[in-house]
Amino acid sequence: MGTLLRTRSTSSNNWRDHYENGISSIPATANWIIRKTGTDSPILSSVGGMYYPNLTIENTSASSWTTGTNSGFTGSADYPRIKGNFDIGGTVQVQ
């Protein structure tokens with residue numbers, strides 16, 4: 001089991017496309033945390049066969065999280081799959 005913590009507004013497609021044995025083999029017990037910590041609004045991969053283990057979305061900043069087209073769970077070709085738990089809000093304490 002492992003944890004990936006993303007806080008930047010860069011694409012996570014590289015993680016999807018290069019995960020060993022394909023992203024569909026990611027164990028449901030792993031953790032993928034997308035955390036807004038400043039002005040960047042992290043991007044979710046939503047199409048192209050994306051699989052998430054336990055997925056947590058957190059905002060520890062004082063600013064709103066503005067999601068664009070790249071951060072929506074939308075698409076005409078495919079959709080994301082969450083193999084574990086889905087938590088919006090998380091449990092991180094804001095310092």
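User: Happy to start with one lysine: is K36 buried or exposed?
Analyst: In this predicted model, the relative accessibility of K36 is 1%. Buried means under 20% relative accessible area, exposed over 50% and partly exposed in between, with a 1.4 Å probe and protein chains only. Because its value is 1%, K36 counts as buried.

User: Thanks! What are the ground rules for the numbering and the values?
Analyst: Residues are numbered from 1 along each chain as its sequence is written, and side-chain values use heavy atoms, with hydrogens and water left out. As the model is predicted, local features need pLDDT of at least 70, side-chain atom pairs count only at pLDDT 80 or more, and totals for chains, interfaces and linings use all residues.

User: Which backbone oxygen does the side chain of K36 reach?
Analyst: K36 is found in strand β2, residues 31-36; strands (E, at least two residues) and helices (H or I, at least four) are DSSP runs, numbered from the N terminus. Contact means heavy atoms within 4.5 Å, and K36 touches residues including E58, S61 and W65. At 3.1 Å, its side chain reaches the backbone oxygen of G38.

User: How far apart in space are K36 and R6?
Analyst: In sequence, K36 and R6 are 30 residues apart. From C-alpha to C-alpha, their separation in space is 8.3 Å.

User: Let's turn to the sheet: what is the strand order?
Analyst: Two strands pair if DSSP finds at least two bridges between them. β1 and β2 pair in the parallel sense over 4 bridges, and L5 has I33 in β2 as its bridge partner. The open sheet has 4 strands with parallel pairing, in the order β1-β2-β4-β6.

User: Which strands stand at the edges of that sheet?
Analyst: Each edge strand has a single partner strand, so one side of each is left without a neighbour in the sheet. The edge strands are β1 (3-6) and β6 (86-88).

User: What kind of aromatic pair do W32 and Y52 form?
Analyst: Rings of Phe, Tyr and Trp (its six-membered ring) pair if their centres lie within 6.5 Å; planes under 30 degrees apart count as stacked, over 60 as edge-to-face and the rest as tilted. The count comes to 1 aromatic pair. The ring centres of W32 and Y52 are 5.2 Å apart and their planes stand at 85°, so the pair is edge-to-face.

User: Why does this pair tie together parts that are apart in sequence?
Analyst: W32 is buried at a relative accessible area of 3%, and Y52 is buried too, at 0%. W32 lies in strand β2 and Y52 in strand β3 (residues 51-52), so the parts tied together are apart in sequence by 20 residues.

User: Finally, what percentage of the residues in the protein is buried?
Analyst: The elements run β-α-β-β-β-β-β from the N terminus on, which comes to 1 helix and 6 strands. Of the 95 residues in the protein, the buried ones make up 37%.

Definitions and conventions
A polar contact is a pair of N or O atoms within 3.5 Å; within protein, one must be able to donate a hydrogen and the other to accept it, and residues adjacent in sequence count only if both atoms are side-chain atoms. Lists of a residue's contacts leave out its neighbours within four places in sequence.
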